[in-house]
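Hi,

Here is the structure I promised to pass on to you. Please have a look at it first, and then read my notes below.

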Amino acid sequence: MSDALLTGQETPTTLARQSTSSAERRGLLSGRQGRRVREALLAYLFLLPAFLIVGLFGLFPLLFAAFMSTHRGLNKIPGAFTGLGNYVQAVSDFTYLLGFWGAVILIFIALRAIKRGVAAAKEKGDSFWRWLAPGMAFGVMVLALLAWIIRLLPLLLDIPNQMRGARNTPENFRRLLNEALTSPEPFQWLLLAACSLLVGAAATWLVVRSRNRRHGHENYSGAFTLATILVGLAGIVGWMTWVELQGNITASLASGGLNIGAQMTLISAGFVLLWLSWRLWQSASHRSSMMSVGLRLGGAAALIIGAWVLIAEAPRIIAQGDAKWWYALLATFYYSLGTIPPQLVVALVLAVLLFQEIRGRGFFRVIYFLPYIAPFVGTAAVFKIIFSNRPTAPVNEILGFFGIPPLGWINEPQGILNLLTPGVQLPVWAAGPSLALVVIMIYGVWTFFGFNTVIFLAGLGNIPREMYEAAAIDGAGRWPQFRYITLPLLSPTMYFLTLYSVIGTFKAFNHIYVLRTGAALGTTDTASVVIFQTFQRDTRYGYASALAILLLLVIIVLTVANNRLAEKRVHYG
Amino acid sequence: MADTLPRPGVVTANVATDRAPRTGRPRALRHAGTYLVLMLGAGVAIVPFLYTVSVSLMNLTEANGGAWLPSSPQWKNYIDAWNQANFSLYFWNSIRIAAITVAGEIVFCTLAAYAFARMEFWGKNLLFSLLLATLMLPEAIIWVPNFITVSWLGRVGPIPWINNWPALTVPFMASAFSIFLLRQFFMQVPNDLWDSAQIDGAGHLRYLIKIMIPLSKAALMTLVLFGFIGAWNALAWPILVTTTPDWRPVTYGFFAFIDEAGAQFHLQMAGSVITMAPVIVLYFFTQRTFIEGIATSGLKG
């Protein structure tokens, strides 16, 4: 870590900063370097407390959750190792699909990092590949450190069990901790990490010494470090998937049942077709002749049908998974779809109206913000009463005024499509969100529209007034001004809010948990709520961790998709 | 001085100062349609609150019979709710938790934010991206690991963590959001100040304490507010780490009371008003800081 400090690599910013101070310019190189080392040490000291906390409670949990998700057992820490068993229980054969494609994507990102490095080095005329050895060594170091932590964890988790009763003394703890730290199995990983650190440092030193002074001032080891870590992780994921798959193929062959390999291939092919059709669809928008646009759209449609046929294998797999979890994901999607578009539209309208020369805008802003700022337990409790199933509940009284019989609202587990078509009983997946979930969506919109309005107002404030003035001189009316100035220039804000809301709705827990009723039969349980229940009520730590990691994967995919979609549509400047 | 500095943030917030120049003509009439929509929005936002207050003043038959307004205000509902839900203890707990969390947060986040904003060290970008990466993690993924970590620390350490203040405060004493917010603010402070402070012989720590912190009162105030709200609103984590009422915060206390009070809606709503009151009062007094802080950072504690 400190090797870079000692070898004297300087980033352009440090150089620029230091040359500004005339006191430093007079000093010798060693003096300046000593000052830099001292500043860096002080900075690490400043960062230490915050990073101890963020590291222990914000970063380490990801590794810890991954570790826990490979163990099973009720109220046991860490429980018995089961490989990907928890994932198989949750999403059944999709686990193999996820494992395989996860490994492929990790390797793809690794290759892309190297490709980008090559391009960047080429542009500057630097040599890139000589950084391979130090980069890989540092990558191996990180992987070895991760392995060390993973190997050490069970030993550390066992310490409290050996400290029960009279043995609960600081001396005993120190002894046990020492035993765990020096136990040979984890220690060899630490040794490997130390060795690769030394190798990396030596290799860096060699590269720095030998490089041409006129060229090659950049350090490219980062790309190789990243690539090594990613390939290592891909190896672990792939290996665990392979082990799990083998066990399962034997089991399914013994029972003479389904063919996992075929299923995986079919569904993967389906997704590849979907992706191809997406590319075709996109390319259609660049064509000018009607003929080629039509052909491309037709091709895309055909591919979608093909993909659909192949993906149709999916329901059989879903049926084998955890029905509760699948439903929770569906409910989360409903919640996301049912809250984000309405709250964005309402907020945009209110923000544009508020952004005029009118009196009382401060007043309106304060009021709109109230639902967002008020403690959610309080407001959720009111919504529970307003939308309760009693005939005398406020909403039911309003319905009664129009002669409509009372509804179950927050206690109604029936899907809304089922309620709208009383004669037909649709299956769960087709019936739409339950009425109880719709109430929670209403609550979500009510809470967040003020927040969105305030952010939109800030975005509107950033649009230069001159643009409107210029447009007005050119004779543009209010609608064209809105369509061609406000909307495009507001797109960064729109993008931020969409991303923020998508992540927010997928994380949402608190108000959904408070608005949960027994009578709704779990139809309002979104992913977070199911994870919480699995952990808190059922004490299935490993399974809850596996579900949480699946949720994280969904959030990552949505974030990437959102970024991709936004790339072309967001105007900056 | 602090007021003259530009606000930090993702979206540069001139939220409070976006007022357009007044033209003197009464425009209220021209804007009748606008006002109608705006009033409708305000009504939707405010009616649930009015209904809460209304029900909280009803008697049992009115509350359960679907009345809209109380015939005669029953102020003693508040006393009943306060005593039945044991609000004295929960209020005190929430205040203690918020105070400890915010105190730790200010010290740790200020130091870290200063290092990121003003100092040069190896691995700065890497550490900063690691920090920001924690923002992506859903709360659900940290429940199990952090619960185990906290129990472990309590069982091997000198003081218990579960059912005690460390579990409720320590994990929140440093957050990526707070560090990011403060860093943005620190970076706006002109570089000349640092140069002249250096000539006067001030080191980083003295510069931070004597110059940066006094200049950043507004940002620190935002941090205090968000810390307070965050501590007041926490629900999932307190449910996991408090099995006894000793350190249970007000949100969890009220959540449990909703179940206990059952169909006594008037008491539920009185409790709801009691739970919300401190935050809403605080909001009305500091709404500018609040709204600007949220507009700049896009977060709620």
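Let me start with helix α20 of chain A, residues 465-473, which is hardly covered: of its 9 residues, the count that are buried is 0. Just after α20(A), A:Gly475 adopts a positive phi of about 85°. Do keep in mind that this is a predicted model.

Now to the contact between the chains. Chain A puts 95 residues into it and chain B 92 residues. On the side of chain A that touches chain B, the largest share comes from helix α4 (residues 29-68) of chain A, with 21 residues. Sorted by class, that side of chain A holds 71 nonpolar, 16 polar and 8 charged residues.

The crossing in which α16(A) passes α14(B) is left-handed.

Which residues make this contact? From α16(A) they are A:Val377, A:Gly378, A:Ala381, A:Val382 and A:Ile385. From α14(B) come B:Phe265, B:Gln268, B:Met269, B:Ser272, B:Thr275 and B:Met276. By class, the residues of the contact of α16(A) with α14(B) are 7 nonpolar and 4 polar, with no charged ones.

Best wishes

How values were computed. Residues are numbered from 1 along each chain as its sequence is written. Chains are lettered from A and ligands numbered from 1 in the order in which they are written. This is a predicted model: local features need pLDDT of at least 70, side-chain atom pairs count only at pLDDT 80 or more; totals for chains, interfaces and linings use all residues. Two residues are in contact if their C-beta atoms, placed from the backbone, lie within 7 Å. Helices (H or I, at least four residues) and strands (E, at least two) are DSSP runs, numbered from the N terminus. Ala, Val, Leu, Ile, Met, Phe, Trp, Tyr, Cys and Pro count as nonpolar, Asp, Glu, Lys and Arg as charged, and the others, Gly among them, as polar. A crossing is left-handed if the near helix is turned anticlockwise from the far one by less than a right angle, and right-handed if clockwise. A residue is buried if 20 or more other C-beta atoms lie within 10 Å of its own, exposed if 12 or fewer, and partly exposed in between; C-beta atoms are placed from the backbone.
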